[in-house]
Amino acid sequence: MSKNPGTRLKGAARKQTARRAAELYAQGCTIESVARQIGRSYGLTRTLLLGAGVRLRARGGHRPKADG
């Protein structure tokens, strides 16, 4: 995982970072949390997860029940 956010991820480093991101996401971390942990942007982290074949969870949070 790169600690230099401005550098490009290529080849083996990109695959390794994508694997780590997928592991963290599978453990229940949010994309935002994963991004912070791997030192990358939200957008790149999402791209890495999708490229690794991860099925993203639906946007969450508490949703109030409809009265009815």
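Contact is taken here to mean heavy atoms within 4.5 Å. Helices (H or I, at least four residues) are DSSP runs, numbered from the N terminus. The model is predicted: local features need pLDDT of at least 70, side-chain atom pairs count only at pLDDT 80 or more, and totals for chains, interfaces and linings use all residues. Residues are numbered from 1 along each chain as its sequence is written, and side-chain values use heavy atoms, with hydrogens and water left out.

Two packed helices are described by the angle between their axes and the distance between the axes. Axes are lines fitted to C-alpha atoms, for helices over the stretch in contact, and angles run from 0 to 180 degrees between N-to-C directions. Helix α1 (11-26) and helix α2 (residues 31-38) pack at an angle of about 140°, with their axes 10 Å apart. α1 and α2 are therefore oblique to each other; this term covers angles other than those under 35 degrees (roughly parallel), over 145 (roughly antiparallel) or 65 to 115 (roughly perpendicular). On the α1 side, T17, R20, A21, L24 and Y25 meet I31, V34, Q37 and I38 of α2. By class, the contact of α1 with α2 has 6 nonpolar, 2 polar and 1 charged residues. Ala, Val, Leu, Ile, Met, Phe, Trp, Tyr, Cys and Pro count as nonpolar, Asp, Glu, Lys and Arg as charged, and the others, Gly among them, as polar.

The axes of α2 and helix α3 (residues 42-51) come within 9 Å and cross at roughly 100°, which makes α2 roughly perpendicular to α3. Here I31, E32, V34, A35 and I38 in α2 meet Y42, T45, R46, L48 and L49 in α3. The contact of α2 with α3 has 7 nonpolar, 1 polar and 2 charged residues. S41 is found in the loop between α2 and α3. The relative accessible area of S41 is 42%, so S41 is partly exposed, a class lying between buried (under 20%) and exposed (over 50%), with a 1.4 Å probe and protein chains only. The C-alpha atoms of S41 and I31, 10 residues apart along the chain, are separated by 9.5 Å.

Within α3, the residues T45, L48 and L49 are buried. Seen down the axis of α3, its buried residues fall within an arc of 100°, so they line one face of the helix; the arc is that of the directions from the helix axis to the C-beta atoms. These buried residues of α3 pack against α1 and α2. After α3 comes G53, whose phi is positive, near 85°.

Methods
Helix = DSSP H or I, 4+ residues; strand = E, 2+ residues; numbered from the N terminus.
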